[in-house]
Amino acid sequence: MREIKFRAKGVIDNQWHYGSYVYTDDNKNNPFASGPFKENHHIIQYYTGDWNLGGWESIEINPNTLGQFTSLKDKNGKEIYEGDVIAFNWRSSDGIDITDLLEVRFIRGVFAFLWDGDLDHEANIVSPTHEWATVVGNIHDNPDLIKNN
């Protein structure tokens with residue numbers, strides 16, 4: 001069974017937060033809508049590890065930075081999320097070492113790699129990323145890594 005989780009940057013602290021994504025759109029019918037999160041908020045909820053203090057925290061996030069965990073890891077064991085940029089090193093037929101930077105996106109129902117952020121140059125993730133991929137950044141913190149956003 002794959003792990004389903006998300007990451008996004010907090011609205012107040014601009015730091016990455018990891019956990020369950022919740023969109024609170026109706027404070028009357030949404031059990032998660034409490035405190036400052038009453039209506040029309042995107043939040044990440046995560047377990048704090050302390051059941052004595054309620055066990056869960058919520059933080060409002062910027063929905064433009066929201067990305068789902070692909071359930072894949074790179075060759076260093078780092079989790080790969082939507083919006084990550086990974087390096088793909090390969091050698092051409094004439095012996096030249098080349099590094100392609102690939103953006104991870106969820107497109108047409110699957111996670112896919114995009115070359116230079118171009119929707120016309122995509123490939124579904126089908127190979128074992130733990131053997132060749134290295135996360136080198138993401139499109140939010142390092143927009144200059146990808147040519148065409």
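Author: Start with a definition: two strands count as paired if DSSP finds at least two bridges between them. The model discussed here is predicted.

Reader: What makes β1 and β2 a pair?

Author: Four bridges join β1 to strand β2 (residues 16-24). The definition asks for at least two bridges, so β1 and β2 are paired. They run antiparallel, and R7 stands opposite Y18 in β2. In the hairpin of β1 and β2, six residues lie between the strands, and N14 there takes a positive phi near 55 degrees.

Reader: How do you know that β1 also pairs with β5?

Author: Two bridges link β1 with strand β5 (residues 67-73), in the antiparallel sense. At least two are required, so this pair meets the definition. F6 has Q68 as its bridge partner in β5.

Reader: Which strands make up the open sheet, and in what order?

Author: Six strands form it, in the order β4-β3-β2-β1-β5-β6, with antiparallel pairing.

Reader: Why are β4 and β6 said to stand at the edges?

Author: β4 (56-60) and β6 (79-81) each have a single partner strand, so one side of each is left without a neighbour in the sheet. From one strand to the next, the twist averages 50 degrees. For β4, strand β3 (residues 41-47) is joined to it by five antiparallel bridges, and I43 stands opposite E60 in β4.

Reader: Which way do the residues of β1 point?

Author: F6 and A8 point one way from strand β1 (residues 6-9), R7 and K9 the other way, and all are buried. In a regular strand, side chains alternate between the two faces of the sheet.

Reader: Why is N138 called buried?

Author: The relative accessibility of N138 is 7%. Buried means under 20%, so N138 counts as buried. This residue is found in strand β11 (residues 134-138).

Reader: Beyond its neighbours within four places in sequence, which residues is N138 in contact with?

Author: They are R7, W16, G83, D84, V85 and P143.

Reader: How many helices and strands does the whole protein have?

Author: The protein has zero helices and eleven strands. Of its 149 residues, 36% count as buried.

Definitions and conventions:
Residues numbered from 1 in each chain as written. Predicted model: local features only at pLDDT ≥ 70, side-chain atom pairs only at ≥ 80, totals over all residues. Heavy atoms only, no water. Buried < 20%, exposed > 50% of the residue type's maximum accessible area, 1.4 Å probe, protein only. Axes fitted to C-alpha atoms, helices over the stretch in contact; angles between N-to-C directions. Contact = heavy atoms within 4.5 Å.
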